[in-house]
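Dear colleague,

Please find below the structure that I am handing over to you. My notes on it follow directly after.

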Amino acid sequence: MTGEHASGPADLVVEGCTVLVHDQGGGIRFEEDSAVVVRDRVIEAVTSAREAAERPARERIDARGRLAMPGLINCHTHAPMAALRGIAEDVPVEEWFNDWIWPIESNLTDDIVELGALLACAEMISAGVTAFADHYFAMDRVADAVVHSGLRANLGWAYFSSQGPEGRERSLDFALRRAGDADGRITTSLAPHAPYTVDDADLEATAELAREHALPVHVHAAENRAQTDSSLERYGRTPVGALHRAGLLDVDILIAHGTGIVEQDLPLLQQGGGRIGIATAPKGYLKFGWDTTPIRALHAIGIPVGLATDGAASNNTLDVWESMTLTALVQKSAERDPRWLTARQALDHATAQSARVTGLGEQVGALAPGRRADLILVDLTGPHVRPLHDVAAALVFSARSADVLTTIVDGRVLMRDRRLLTLDVEAIAGELGARLPDLIDRGHGRRIQEYDAGR
């Protein structure tokens with residue numbers, strides 16, 4: 001468990017906790033009475049509390065009764081859509097887009113985007129999320145919110161073919177300008193919206209740009225079975241087939257949702273030459289009456305699946321803890337098998353697999369020497385998690401995001417004992433609230449796009 005013991009005091013020692021540790025084979029175990037030592041924003045050692053007590057440190061956190069684990073990663077969201085939480089409920093996805101979301105988004109201003117992103121960052125820090133992958137508009141302002149909040153993020157500026165080449169060029173410009181910002185906490189992607197809003201020529205051009213500039217791609221695809229069926233009827237190929245035809249499965253790609261992935265897609269995904277990952281956001285699928293992401297079939301061909309929330313306009317929260325619980329439960333129901341998906345598997349999806357999906361697999365996702373110091377402390381003393389017969393089951397099926405007491409990113413404490421240290425929620429919400437009447441007006445008849453999943 002130990003790492004090299006460098007000279008001089010460590011920056012931070014989190015001591016006396018139980019630590020969630022990933023085995024080399026992908027298994028998860030729990031080490032009691034342990035400690036995490038942080039130096040220069042990196043985990044220097046995961047060791048015993050006794051050994052850590054002998055190490056000098058600039059800051060120490062008494063974590064007795066707590067569990068230290070990798071921070072959760074939200075693999076697909078639209079952070080500024082926190083401003084639209086609860087605006088369009090109990091409607092089919094076509095009505096959700098065409099009558100509500102896309103008319104309202106035509107009112108967006110850069111200030112609203114940043115305020116929504118700041119509110120989302122506060123929510124995610126409070127829920128133990130230390131990194132997120134975002135796909136939206138006015139992304140310079142989202143990047144500014146990430147800088148301010150202290151979180152880690154992969155960001156992509158979304159575009160449609162209806163915008164002409166300017167949309168794709170804007171996405172590339174942003175990806176090249178902001179990569180490495182926030183002391184390296186910001187990475188970037190190209191962000192075509194989806195095969196039904198981005199035509200084949202633009203998808204092919206995106207693949208070329210990804211290869212030329214060594215950029216990953218973040219895209220919605222096969223969001224539901226209706227999209228897949230409509231694409232097959234109109235074009236004789238699935239949305240995943242469209243990505244394959246464009247060359248996008250041969251670059252690093254994050255595919256959001258994939259509940260419409262069908263058996264004929266699996267060989268295309270398995271043979272793809274890029275790093276392919278899927279993000280699943282089960283709460284929204286339940287709300288829209290969709291199927292779920294076929295995680296078991298994807299697991300069988302070696303495709304990692306990370307956990308996500310999508311935007312708060314469809315998911316209502318940015319709570320990856322809730323996504324973790326729902327993923328385990330929905331998978332058991334979908335597969336009619338209580339042995340799939342286990343609590344330990346759910347924890348792996350929330351941490352190590354989510355890191356791989358977002359391209360951060362060598363940096364975060366596990367508490368190990370050399371990884372960035374992104375970790376959270378979870379309270380294990382509440383009556384709803386005791387007694388601790390099975391720590392993994394307690395985390396996935398009993399604990400909740402409010403049990404996260406402390407959130408640390410790059411060795412910096414962003415929340416301590418439930419108190420946010422980088423963001424003022426009341427100030428953000430108050431400023432956003434003053435702008436909501438203009439934002440939610442739909443009387444103008446405009447919309448940024450039209451939802452037609454079969455295109």
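The buried residues of helix 5 pack against helix 4 (139-149), strand 8 (152-159), strand 9 (186-192) and helix 6 (200-213). Here helices (H or I, at least four residues) and strands (E, at least two) are DSSP runs, numbered from the N terminus, and buried means under 20% relative accessible area, with over 50% exposed and the range in between partly exposed (1.4 Å probe, protein chains only). Contact means heavy atoms within 4.5 Å.

This is a predicted model, in which local features need pLDDT of at least 70 and side-chain atom pairs count only at pLDDT 80 or more, while totals for chains, interfaces and linings use all residues. Residues are numbered from 1 along each chain as its sequence is written, and side-chain values use heavy atoms, with hydrogens and water left out.

The buried residues in helix 5 are Gly-167, Arg-168, Ser-171, Leu-172, Phe-174, Ala-175 and Arg-178. They cover an arc of only 160 degrees around the axis, which puts them on the same side of helix 5; the arc is that of the directions from the helix axis to the C-beta atoms. After helix 5 comes Gly-180, with a positive phi near 90 degrees.

Turning to the aromatic residues, the structure holds 11 aromatic pairs. Rings of Phe, Tyr and Trp (its six-membered ring) pair if their centres lie within 6.5 Å; planes under 30 degrees apart count as stacked, over 60 as edge-to-face and the rest as tilted. Phe-97 and Tyr-451 form a stacked pair, 5.0 Å centre to centre with 15 degrees between the planes. Because Phe-97 lies in helix 2 (residues 93-105) and Tyr-451 in the segment after helix 16 (425-439), this pair ties together parts that are 354 residues apart in sequence. Both Phe-97 and Tyr-451 are buried. The pair of Tyr-285 and Trp-290 is also stacked, since the ring centres are 5.8 Å apart and the planes lie at 20 degrees. Tyr-285 is buried at a relative accessible area of 3%, and Trp-290 counts as buried at 19%.

With kind regards
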